[in-house]
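Subject: Structure handover and notes

Dear colleague,

I am passing on the structure we spoke of, together with my notes on it. Please look through the sequence and the coordinates before you read on.

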Amino acid sequence: MGLLGGQWIALLIWVLWLPQLGRTQPSASARALDSLLQDYAFRDAFGPRPKTGVVYDGTVPSNLTGIKVSALRLRSGSLRRRNITFKEFQMPVGVIGYPYVVRLALVYQNLGNWSLKCYPLSSGYIYLSPVLGLLAYDAANLSATNLPELNITATGQPISISFPKMKSVPGKSIPKCVSIDLNGSVSFSNVLSGNICNTFKQGHFSIVVESIAPSPAPMSSSSSPMPPPEGAPPKQAKQAPGHNKTRKVGIIVGSVVGGLVVLVLLGALTAWACSYKRKKKMQEMEMASEVGEGLHMVRAGNTKAPAAAVTRTQPILETEYVP
């Protein structure tokens with residue numbers, strides 16, 4: 001089987017596996033796509049005699065409509081000593097590649113409407129711009145496929161990425177730069193003025209924003225609850241979990257306060273009864289002292305006079321005490 005037939009088989013396998021890999025291993029499907037786009041960039045962008053420092057646009061099959069790919073071949077020394085503009089990427093002086101090669105090829109990716117499928121976002125984020133990719137390969141053999149990527153690093157100023165075509169930011173949300181390296185690690189940073197993001201190495205980049213959940217629709221005041229069917233017991237209102245506990249505490253507190261009030265009233269009533277009894281007894285004693293004891297009346301001639309029935313004190317002569 002020829003090289004072209006093998007490439008189509010690889011493309012078919014990637015397209016068929018993408019939905020499953022997107023759920024379990026999203027980085028695997030993205031890495032497979034990187035390999036395919038490198039193949040198309042080298043085969044279609046670079047002609048028989050490609051020029052160094054010239055950007056070549058490649059073509060992708062109809063299965064990948066919406067993706068754009070370009071390639072740029074450079075000397076490693078030129079990448080390190082010059083400012084390089086490659087599509088939306090602006091590389092300053094001091095960008096180096098390793099391991100060292102004499103010539104390297106930069107591959108540009110614009111995933112377009114494939115961005116979310118290739119790089120699913122975590123819950124709560126949406127893309128405001130397509131995912132842009134920048135990868136580097138050894139350019140010694142432009143007909144080679146499945147090449148391993150080189151590592152490029154900015155040693156001075158960062159590599160800047162501009163996003164001229166971006167969706168409007170919803171509400172008062174703050175957009176963020178998202179960077180996805182070749183290992184699938186995701187990092188966020190602030191968007192600079194002019195919709196620009198910075199990076200110090202290759203990878204895939206975009207601008208995202210946190211999605212705003214729609215507010216729940218307010219309940220119409222005209223709507224009324226459905227009446228219960230006939231014969232059904234009345235539905236009791238659902239009480240809060242802490243309602244019963246609060247009710248028990250209220251009963252206990254009320255019982256204690258009520259008991260204290262009853263004790264105070266009983267004490268006051270007992271004190272009043274004792275005081276009344278003592279006062280009543282004093283009054284009786286005062287009345288008895290005023291009236292005195294009644295004497296027996298006897299008649300002496302035509303006259304009545306009081307007379308004691310019993311002599312209370314016997315008279316004693318004073319001489320009886322003399323020895």
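The notes below cover the sheets, the aromatic rings, the salt bridges and one annotated region.

This is a predicted model, in which local features need pLDDT of at least 70 and side-chain atom pairs count only at pLDDT 80 or more, whereas totals for chains, interfaces and linings use all residues. Residues are numbered from 1 along each chain as its sequence is written, and side-chain values use heavy atoms, with hydrogens and water left out.

Strands and sheets

An open sheet is formed by 4 strands in the order β3-β4-β10-β13, with antiparallel pairing; strands here are DSSP runs of E of at least two residues, helices are runs of H or I of at least four residues, and both are numbered from the N terminus, while two strands pair if DSSP finds at least two bridges between them. The edge strands, each of which pairs on one side only, are β3 (84–86) and β13 (196–199). On average, neighbouring strands of this sheet are turned by 20° against each other, direction ignored, where the axes are lines fitted to C-alpha atoms and angles run from 0 to 180 degrees between N-to-C directions. Within the sheet, β4 (residues 89–91) and β10 (residues 159–162) pair in the antiparallel sense over 2 bridges, and Gln 90 has Ser 160 in β10 as its bridge partner.

Strand β11 (residues 176–180) is mostly covered, since 4 of its 5 residues are buried; buried means under 20% relative accessible area, exposed over 50%, and partly exposed in between, with a 1.4 Å probe and protein chains only. Strand β11 pairs with β12 (residues 186–190) in the antiparallel sense over 5 bridges, and Val 178 stands opposite Phe 188 in β12. The hairpin of β11 and β12 has 5 residues between the strands, and Gly 184 takes a positive phi near 90° there. Strand β11 is also joined by 5 bridges to β14 (residues 203–210), again running antiparallel, with Ser 179 opposite Phe 205 in β14.

Aromatic rings

A search of the whole structure finds 6 aromatic pairs, where rings of Phe, Tyr and Trp (its six-membered ring) pair if their centres lie within 6.5 Å, and planes under 30 degrees apart count as stacked, over 60 as edge-to-face and the rest as tilted. The rings of Phe 42 and Tyr 137 form an edge-to-face pair, because their planes stand at 85°, with the centres 6.1 Å apart. Phe 42 lies in helix α2 (residues 26–45) and Tyr 137 in strand β8 (residues 132–138), so this pair ties together parts that are 95 residues apart in sequence. Phe 42 counts as buried at 2% relative accessibility, and Tyr 137 counts as buried at 1%. Ring pairs also link Phe 86, Phe 89, Tyr 108 and Phe 205 into a cluster.

Salt bridges

The count comes to 4 salt bridges, each defined as a side-chain nitrogen of Lys or Arg within 4 Å of a carboxyl oxygen of Asp or Glu. One of them joins the side chains of Arg 31 and Asp 34 at 2.7 Å, N to O. Arg 31 and Asp 34 are 3 residues apart in helix α2, so about one helical turn separates them. Arg 31 is partly exposed, with a relative accessible area of 28%, whereas Asp 34 is buried, at 1%.

Asp 57 forms a salt bridge with Lys 87, with the closest N and O atoms 3.1 Å apart. Asp 57 lies in strand β1 (residues 55–57) and Lys 87 in the loop between β3 and β4, so the pair ties together parts that are 30 residues apart in sequence.

Lys 201 forms a salt bridge with Asp 181, the closest N and O atoms being 4.0 Å apart. Lys 201 lies in the loop between β13 and β14 and Asp 181 in the loop between β11 and β12, so parts that are 20 residues apart in sequence are tied together. Salt bridges that share partners also join Arg 31, Asp 34 and Glu 149 into one network.

Annotated region

The UniProt annotation "transmembrane region", from an unreviewed entry, covers residues 249–274; UniProt positions are given in the numbering used here, feature names are shortened, and annotations may be inferred rather than shown by experiment. Over residues 249–274 the chain is 100% helix and 0% strand in the model, with the end C-alpha atoms 38 Å apart.

Best regards
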